[in-house]
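User: I would like to learn how to read the features of a model like this one. Please take me through them one at a time.

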Amino acid sequence: MSFSSKTKTELCRAPLGRACCQLAEIYGVLLYAAVFSHREIRITTELPAFARRAARLLDKVFGVQVKAETVGRRRVLRITDEKALRMIMTSLGYDFKSHITYHLNRNMVENDCCAAAFLRGIFLMSGSVAGPDKKSHLEIKCSHQTLCREVMSLMLDLGIQPKLTARRTAYLIYLKDTAGIEDLLTRIGASRAAMTIMEAKIEKNLRNNINRQVNCETSNLMKTTDASARQIAAIERALTLGGIEIYPENLRETVDLRVANPAASLAELAAMFDPPISKPGLSHRLRRIMQISETLIERAGEET
Ligand SMILES: [Zn+2]
């Protein structure tokens, strides 16, 4: 099951709520339904739970009973009975005989509870949301531009800031910011889906931070081994040229330890001395060893 379907299944488990909210939710469903006219109402969905919920709402709000038919993978709720259509249209404040204008009647969604129920109806009908493993994205498709803008302004009133884009045959209201998506899903009753998205985001951030830290440590290690490799190369060249005697006695232990432990960091190397010496102390000794080695190597180079 896709994340969208899971989210919608969760929404279908939400209580139907107060009468005002039931009306608002079915209003959202109908405005975005496949067919919504004074001749026919047709609600099409692939989600059986949503077909059942829509049928319950039609019954509770308008007293209209309709049985879902199965057409391929889809459930279809179809109303053509004139009495039923008249009941629905007049309850929603439409003039039964004329064509429907696809406008959002703000009176129906005046309360925040109703606005949320209305958006739930719309999302169930034509929304989708990307799973937590994908880039954050939630969208609601609609073929009526005016309606789209009105729904958008309703969302803005609720503090959600969607964007609008036009596709070839439809308009899309969409959200890409995780916080906005969480907010919308929580409001309309899918708090579990919202939580799943939020947790995935936190986990991803954490993983990125760890990666960044690991990369940083790796680069420090590279620097250590780089320096060590340069030191060892110089020492070995100098040893072949002049032997251990070129180094004063107090530096010979350092020379031995460095060559024997190429991967050791400065701190690790300092701890190997008996008794251990300080890091700056070791650093100073290594610098002197490098000076002596390089001087010898340069001189040898001049002579040849
Ligand atoms: Zn309400």
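User: Which residue in β2 is the bridge partner of Phe36?

Analyst: First, the ground rules. This is a predicted model, in which local features need pLDDT of at least 70, side-chain atom pairs count only at pLDDT 80 or more, and totals for chains, interfaces and linings use all residues. Residues are numbered from 1 along each chain as its sequence is written, and side-chain values use heavy atoms, with hydrogens and water left out. Helices (H or I, at least four residues) and strands (E, at least two) are DSSP runs, numbered from the N terminus. Two strands pair if DSSP finds at least two bridges between them. Here, the bridge partner of Phe36 is Ile41 in β2. Two bridges join β1 to β2, and these strands run antiparallel.

User: What is the strand order of the open sheet?

Analyst: Start with a general point: in a regular strand the side chains alternate between the two faces of the sheet. In this case the open sheet has four strands in the order β1-β2-β4-β3, with antiparallel pairing. The edge strands are β1 and β3 (69-71), and each pairs on one side only. Five bridges link β2 to β4 (residues 74-79), again antiparallel. Thr45 stands opposite Arg75 in β4. Three bridges join β3 to β4, with Glu69 opposite Val76 in β4.

User: How many residues lie between β3 and β4 in their hairpin?

Analyst: Two residues lie between them. In that turn, Gly72 has a positive phi of about 60°. Look for another positive phi just after α6, where Gly159 takes about 90°.

User: How do I read the metal site? Which residues are the protein donors of the zinc ion?

Analyst: Donors are N, O and S atoms within 2.8 Å of the metal (3.2 Å for Na, K and Ca); water is not among the atoms, so sites may look incomplete. The protein donors here are Cys20, Cys21, Cys113 and Cys114, each through SG, at 2.3 to 2.4 Å from the zinc ion. Their spacing in sequence is C-C-x91-C-C. Cys20 lies in helix α2 (residues 19-31) and Cys113 in helix α5, so the pair ties together parts that are 93 residues apart in sequence.

User: Why is the arrangement around the zinc ion tetrahedral?

Analyst: Four donors count as tetrahedral if all angles lie between 85 and 135 degrees. The four donor atoms around the zinc ion subtend angles of 96 to 131°, so the arrangement is tetrahedral.

User: Is Cys20 buried, exposed or partly exposed: which is it?

Analyst: Buried means under 20% relative accessible area, exposed over 50%, partly exposed in between (1.4 Å probe, protein chains only). Cys20 is partly exposed, at 29%. Cys113 is also partly exposed, at 27%. Gly131, in contrast, is buried at 8%. Gly131 sits in the loop between β5 (127-129) and β6 (138-142).

User: How many of the residues of α2 are buried?

Analyst: 10 of its 13 residues are buried, so α2 is largely enclosed by the rest of the structure. Among them are Cys21, Tyr27 and Leu30. Contact means heavy atoms within 4.5 Å. The buried residues of α2 pack against β1 (35-36), β2 (41-45), α3 (48-62), α4 (82-91), α5 and α6 (145-157).

User: What should the 13 residues of α2 span?

Analyst: The expected span is 1.5 Å times one less than the number of residues. For α2 that gives 18 Å, and its end C-alpha atoms are 18 Å apart, which agrees.

User: Which residues touch the most other members of the largest nonpolar core?

Analyst: In soluble globular proteins, nonpolar side chains tend to be buried together. A nonpolar core is a set of buried Ala, Val, Leu, Ile, Met, Phe, Trp, Tyr and Cys residues joined through side-chain atoms within 4.5 Å. The largest core has 70 residues, of which Ile43, Phe118, Leu119 and Leu185 touch the most other members. Its largest share, nine residues, comes from helix α5 (residues 112-126). A second, separate core of eight residues includes Leu251, Val255, Ile289 and Ile292.

User: Where is the cis peptide bond?

Analyst: The cis bond joins Asp274 and Pro275, with omega about -5°. Pro275 is found in the loop between α10 (266-271) and α11 (279-303).

Terms used. Four donors count as tetrahedral if all angles lie between 85 and 135 degrees; four count as square planar and six as octahedral if opposite donors are over 155 degrees apart and all others between 65 and 115; anything else is irregular.
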